[in-house]
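Here are some notes to read with the model open beside you. They go point by point, starting with one term.

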Amino acid sequence: MLGTNETLSEADYQMVCLVVDSVRDTERVARYLNGGFVDGAVIVSARAQDPITNAVMRLDLPVAYVGHPPDVDAAWVGVDNRGAANAVTSRLMATGRRRVGMIAAALDRDSGTDRLAGFTDALGPDFDPDLVEEAPLYSYAEGAAAMTRLLARAPDIDGVFGASDAAAAGAMLALRQAGRRVPEDVGVVGFDNSSWATRTTPPLSTVDQPAEGLGAAAAAAVLAQLRDDQRPRAGIILPTPVVWRDSA
């Protein structure tokens, strides 16, 4: 949001934030968009077959996505979730972990499915689907609950990839409550390099996702469409280096 707002502000556009979290939200926001109140849209974390996507396409609004839902043919900005998940999982395994699991969150979004795919790539023939625990959201509470379920099913687990820093931080709470030390007993890695990563004890090893850069690039893509009325279909991929700390 900060990156988007800064770019739009420089071009003398006012950002309006619309949160969609229910069918009722979708209907209300679609009516708002249809009322001619906006010149373009940046859509973040769209799900596959998202009703807001359908509304925006029907109105032919200039649009750019943060992330790349599989059914979207429009400008988008993202990161290589699959490659980054592979990289951080591979580094976790290089510390000597042999029973590595994942808290696979938000599988209804391209970021969630791509991070699971990258984790699977890294494990190769050692991938065990029983060591993957799904969570609906990239959240601390969901991460803690998923880690508790995973420990009950696989008490010998010695490494965990949380699909977000918040989920990984929740996993660390559950591990501590179960008497497991991080990283001595279980190595933990996350994804985002958010504030969660430096608030955990020990600090979290993770992937740096350039959130402000994503928002700024998406806003720039919408502004470009407003200037020349083109609808670009190409995507922009920003870098995601691994940031290694003390949790693994």
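1. On the H6 side you'll find Tyr-140, Gly-143, Ala-144, Met-147, Thr-148 and Leu-151, and they meet Ala-166, Ala-167, Ala-169, Gly-170, Ala-171, Leu-173, Ala-174 and Leu-175 in H7. Keep in mind throughout that this is a predicted model.

2. Staying with that pair, the axes of H6 and H7 come within 6 Å and cross at roughly 50°. H6 is therefore oblique to H7. As for handedness, H6 and H7 make a right-handed crossing.

3. Now compare H4 and H5. Their axes lie 7 Å apart, and the packing angle is about 40°, so H4 counts as oblique to H5. Contacts on the H4 side come from Asn-81, Arg-82, Ala-85, Asn-86, Thr-89, Ser-90 and Met-93, while H5 contributes residues including Ser-111, Asp-114, Arg-115, Phe-119 and Leu-123. H4 passes H5 in a right-handed crossing.

4. Which residues touch the most other members of the largest nonpolar core? They are Ile-103, Phe-119, Met-147, Phe-161, Leu-175 and Val-188, out of 37 residues in that core. Among the elements giving two or more residues to this core are helices H4 (81-94), H5 (110-123), H6 (140-153) and H7 (165-177), along with strands E4 (100-105) and E6 (159-162). H7 supplies the largest share, six residues.

5. Phe-119 deserves a click of its own. Setting aside residues up to four places away in sequence, Phe-119 touches Ala-85, Asn-86, Thr-89, Val-100, Gly-101, Met-102, Phe-127, Val-132 and Phe-161.

6. Is E4 mostly covered or mostly open? Mostly covered: six of its six residues are buried. E4 runs parallel to E6, joined by four bridges, and Gly-101 stands opposite Val-160 in E6. Four bridges also join E4 to E5, again in parallel, with Ile-103 opposite Glu-133 in E5.

7. There is also an open sheet of four strands, with parallel pairing in the order E1-E2-E3-E9. Strands E1 (41-44) and E9 (235-238) are at the edges with a single partner strand each, so one side of each has no neighbour in the sheet. From one strand to the next, the twist averages 20°. Inside the sheet, E2 (residues 63-66) and E3 (residues 75-79) run parallel and are joined by three bridges; Val-66 stands opposite Val-77 in E3.

8. Last stop, Leu-33, which is found in helix H2 (residues 23-34). Its relative accessible area is 9%, so Leu-33 is buried, the cut-off being under 20%. Leaving aside neighbours within four places in sequence, Leu-33 is in contact with Leu-18, Val-38, Val-56, Leu-59 and Leu-61. For a distance to check, the C-alpha atoms of Leu-33 and Ile-52 are separated by 9.6 Å, with the two residues 19 apart along the chain.

Methods:
Residues are numbered from 1 along each chain as its sequence is written. This is a predicted model: local features need pLDDT of at least 70, side-chain atom pairs count only at pLDDT 80 or more; totals for chains, interfaces and linings use all residues. Side-chain values use heavy atoms; hydrogens and water are left out. A nonpolar core is a set of buried Ala, Val, Leu, Ile, Met, Phe, Trp, Tyr and Cys residues joined through side-chain atoms within 4.5 Å. Buried means under 20% relative accessible area, exposed over 50%, partly exposed in between (1.4 Å probe, protein chains only). Contact means heavy atoms within 4.5 Å. Two strands pair if DSSP finds at least two bridges between them. Axes are lines fitted to C-alpha atoms, for helices over the stretch in contact, and angles run from 0 to 180 degrees between N-to-C directions. Angles under 35 degrees count as roughly parallel, over 145 as roughly antiparallel, 65 to 115 as roughly perpendicular and the rest as oblique. A crossing is left-handed if the near helix is turned anticlockwise from the far one by less than a right angle, and right-handed if clockwise.
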